[in-house]
Every structure is written in structure tokens, then in C-alpha cells.
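This report goes through a few parts of one protein structure, from its aromatic rings to its strands and helices. Keep the sequence and the structure in view while reading.

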Amino acid sequence: MTVDEAARVPVVIVGAGPVGVTAALLLARRGIRSVVLERHRDVYPLPRAVAGDDEIHRILQAAGVGEEFSTISRPATGLRLLDSRHRVMAEFRRSPHGHHGYAQTSMFDQPELERLLRDALAERPECELRGGVEVTGIGPDTSGPVRVTYRDEDGGEQELWADAVLGCDGANSLTREAIGGVWEDLRFEERWKVIDVDTTGPVRSWEGVDQVCDPARPATFMRVSENRYRWEFRLGERQETVRELVAPWLPPSYEGDFDVVRETEYTFRARVADRWRSGRVFLLGDAAHLTPPFIGQGLCSGLRDAYNLTWKLARVLQQGADERLLDTYESERRPHARHVVRLAVAMGWAMTGGQDSAAALRRKTLAAVCRIPGLTELAGRDLSPPLTAGPLVRRGVRRRLAGTHCPQPWVSVDGRRTRLDELLGDTFTVLTATEPGPSLTALAHSLGIRAVCVADLGDDGTLAAWLRGGRADAVLLRPDRVVMDVVPSGGRHFTSTAAWASLLHTTRSPVPSERTAPKSLLRSTTR
């Protein structure tokens, strides 16, 4: 098939939801051009996702909209489990200062987030959004360049040729069909009613999420913003009105304003695609996985997909890195997403399953368990597990930090106070507990990166304590802030350089990123 070079672009992204636009912004900040194809002209105006964790806030920071997201989101206090009479069975607090530098849980309105992301996209010359178009075909050759056909608003057929295609086109993904992917069903399917309300009334709320563990009428409730509230109810035989359903949260005599923004029914499912990649075509977000909402990780998982893939894709497209680097996207993200979906299913059954006697026993058990010192704090930690071992995650007995994220404290260097990620830039970094020795200096020089002593960062000891707790003298951070390899305490070298060095070898000189920190701020081993 003849490639139309005039219609060739580095990356085509199918779908302009939060995952697709975030992927475009992350690529743009690495100098990679993309065209985003979206069937809708404007942002879908009704609320959907309402919760995110500190890890996705950090990803949005990497995409260039972290501070803007702070202005439209609200920290939440955590999760409470209530019985059928709305008595508290257990409470799991979430910190306003999480591992990634932000509140562990934040509430937001998805249309506001999407507008924020699209505004940022419009400012990037590397990105082009084509709305009001329908993608009609991808491939058949997926090895690259990949042919993408779409129909414009006038009904005309257009085509693009992409070095890579990112399918961010949701549960009914055309991209998944194009690569021959099918769903693995994790056996959870329930019908729920979702209600979003605007009201200034005295709604009873603890500023977190309430999960009502009532086998007759399981429900979830949360305050999203100043006057916006979300209720979710599992559908049963009896069909109550909205006011009947939400009555336990309002005074009996309340007759004030109560604007139902959205009332709809959803089928909550648990599914993971059996394959996420074919050649240069990839699945992200709901095209790759569907999760029940009980732990608030649906959108979070999609943004993790974008962060994991984009730095690898940029390194291949821009610097000529080994194509095998792209294999690590699915091998890292699919088990991680599957774990999160299974956790959501388990939480869903624990919260909503059982009969009356089981619910009573559960209440007594939870009340007893939650009196164990430190247990609720432990349960309130990050829901995102470490990445499993692989070429870019060298895990082992002496490498307990590998596969986890580096914390992001505020740092102060040369009189400038900023977040750690803004200082380090978009590339790999060696973080050391002491001044780097000759071997680490040589390795950093060979990779074209900096080796940074945490003692120079003015972070009140957060990073030094993290390294000490992980029994590491140094770590190699990937661009997505995941620890790739470790120099154990008392060691002199990274443990598995040979396993990952060939994947990172590039055939072209790296193009400087605009987010790379000025060298004057850090003592660099590569000067």
C-alpha cells in the first residue's frame, strides 16, 4: 500500500477524552507531534468521573496542567463504610499530602477537567484536534506507518498515516477491534443508577465518600464540589424516585432548590482486553480495561497508561530506541490494571454483597478489625501497587524500591522552591544518598543524564529517608518516576544494568525537553 507522505504524522490519537488529550500533551512536551481525532465537536457536558488520586495529579503536572487542576479539584477526607441505618462501620482517612505531592484523593467535575485539558492542547503547536470526525478504519497493517481513515462532517473520506496510533476510544473501541483484541470478563456486572445534583441545601456530608453496605439497597455518596453531589444506587425490584433515594441525606422537610443535573443508569463491568498492542497500534483507558467505580480508579488507570506509554514511544520515535522498549507497555500496565480491577470487584462484593445476617456479621467484624492500631491508616495508603518485575523494573530481595514511585516533595535549590519533578525534567535521573562515585558518574554520563545527591535538594530529608527505608544508596528513576534499578546499601553498582541498557540505547542524540531543569540548579555528573 502506498503511503501518502503529505498525510503522514508521528502519532494519531483516536479519542479526545481525558486519556487521549493527556497523552497528546505528554507527547507534545517531548516534542512529538500528534493529531487527535474525536467524533464530538465539544466536551461532553455531563459529569462522569469525579475522583482521582495523587498519582494522577502528578501525571497532570507532567502534562503541564497540575496547578490548573488544583484550582478545579477539592481534596476529600477519605472513605466511610456505613450500614443500612447509616451508622459508621469503618473509616479510612486519606491524607491531604500524599506520596506524589498532592492530596491522596481529589474530587472534580470531568467536564471541567476536559475543558482544562483542551485549553492546554490548543496552546501546543505540536497538537492538532480534529473534532466532528468519525474514524472508520485502522490498518490493516499495524506495523507502521499505519493507515487511519476517517469521515469528516461533510461526509468526505480522509486518511492519515501514523508512525503510531493510540486508541483512546472507550469501551466500544474501534481500535481494539482493529488489533483483534477481545475482552477478558472478570465476572462482575451490576446495574446502578447514577444521580448528580446541584443544591445549596443542608446535605449531610463528611467531605469524603460514603459507601452504604446495605444488601437491600447498596449506595455510594460523595460531595464533588461546592454545591454538586453524586449518588449511586444499585438497581433493585423497587423503583424509587430521586427524592426518595436521597432522602436519608436531606432534612425531611427540605423543599428548597434541588437541580438534578443527570440521572442515568450504568452497567458496572469488570473487563480487561486480552491484548493491548499490535505493532504500532496501542490501547489505552477504557479501550483496554473497564472497572467498577468502588475504589475510584477508572480514570486513574487510563492516565497511568498514557504516562507509561508516552515516554517510551517518544524515545523510540525521537531517539531511535530499541522497538522492544514498546513491549514493556503492555507487560507492565496490563497486570497492574488487572490487579486494580480485581481490587475494585473485591471491594464491590465486600460492600454490597450478602444477606442481612452477613451484613450484621460484617459490621461487627469491621468494627473489631478497625480498632487494631494503624490498620485504617495502612488501608488508606496508595491503591496503586508496584509494577511487576520486567526489563525496566529490576525487582528482588535487595531491591524493594524497584517498581515503586519516587516521592515528590517540595525542594529548594539555589533559592528556588519547586516540586521535585519540575526540577528533574522529563528524562532519567540517578538519585543518590551520597555524592556519586566513579561508576555512577560514568553510567550517568553514558545515559546522558544527571546524578543528583538528595542532600543538595533542601527537601527536609524526605528523599533521604525514603532511600534509607528502601535500603538503597541510589536509584535510577525512569521518566515516569518509577524506580527502575537500585544500588543496594553498601553497594557500588546498579544490580541489573545489562538487562535494561540495550533497550535504552538510542541511535540519535536526544532532543532537549523544555521541562529539563537548568543545570545551574543541580550538580551534574555529566558536565
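Is phenylalanine 188 buried or exposed, and what is its relative accessible area? The model is a predicted one. In it, phenylalanine 188 has a relative accessible area of 2%. Buried means under 20%, so phenylalanine 188 is buried.

**Aromatic pairs**

The whole structure contains 14 aromatic pairs. One of them is formed by phenylalanine 188 and phenylalanine 294, with 5.8 Å from centre to centre and 85° between the planes, and the pair is edge-to-face. Phenylalanine 188 belongs to strand S12 (residues 183-198), while phenylalanine 294 sits in the loop between strand S19 (289-290) and H7; the pair therefore ties together parts 106 residues apart in sequence. Phenylalanine 294 is buried too, at a relative accessible area of 9%.

Another pair consists of tryptophan 276 and tyrosine 329. Their ring centres are 5.8 Å apart and their planes meet at 55°, so this pair is tilted. Tryptophan 276 lies in the loop between strand S16 (259-273) and strand S17 (277-278), and tyrosine 329 in helix H8 (residues 327-352); the pair links distant parts of the chain, 53 residues apart. Both tryptophan 276 and tyrosine 329 are buried.

There is also an aromatic cluster made of Phe221, Tyr229, Trp231, Phe233 and Trp249.

**Arginines and rings**

Two arginines are found over the faces of aromatic rings, as the table shows.

| Arginine | Ring | Distance from ring centre |
|---|---|---|
| Arginine 243 | Phenylalanine 258 | 4.6 Å |
| Arginine 417 | Tryptophan 410 | 4.4 Å |

A further arginine, arginine 58, is placed in helix H2 (residues 54-62). Its relative accessible area is 2%, so arginine 58 is buried. Its side chain makes a polar contact of 3.0 Å with the side chain of histidine 100.

**The sheet**

In what order do the eight strands of the open sheet come? The order is S6-S5-S13-S14-S15-S12-S16-S19, with mixed pairing. Strand S6 (88-93) and S19 are the edge strands, and each of them pairs on one side only. S12, the strand that holds phenylalanine 188, is part of this sheet. Valine 272 has histidine 289 in S19 as its bridge partner.

**Helix H7**

The loop with phenylalanine 294 lies between S19 and H7. Helix H7 covers residues 298-319, which makes 22 residues. From its first C-alpha to its last it reaches 32 Å, close to the 32 Å expected at 1.5 Å a residue. How many of the 22 residues of H7 are buried? The count is 21, and H7 is mostly covered. Just after H7 comes glycine 320, which takes a positive phi of about 75°.

**Cysteines**

How many disulfides are there? The count is zero, where a disulfide would need two cysteine sulfur atoms within 2.5 Å. Cysteine 406 has 1% relative accessibility and therefore counts as buried. Cysteine 453 is likewise buried, with a relative accessible area of 6%.

Definitions and conventions
Residues are numbered from 1 along each chain as its sequence is written. This is a predicted model: local features need pLDDT of at least 70, side-chain atom pairs count only at pLDDT 80 or more; totals for chains, interfaces and linings use all residues. Side-chain values use heavy atoms; hydrogens and water are left out. Helices (H or I, at least four residues) and strands (E, at least two) are DSSP runs, numbered from the N terminus. The expected span of a helix is 1.5 Å times one less than its number of residues. Buried means under 20% relative accessible area, exposed over 50%, partly exposed in between (1.4 Å probe, protein chains only). Rings of Phe, Tyr and Trp (its six-membered ring) pair if their centres lie within 6.5 Å; planes under 30 degrees apart count as stacked, over 60 as edge-to-face and the rest as tilted. A charge sits over a ring if NZ of Lys or CZ of Arg is within 6 Å of the ring centre and within 35 degrees of the ring normal. Two strands pair if DSSP finds at least two bridges between them. A polar contact is a pair of N or O atoms within 3.5 Å; within protein, one must be able to donate a hydrogen and the other to accept it, and residues adjacent in sequence count only if both atoms are side-chain atoms.
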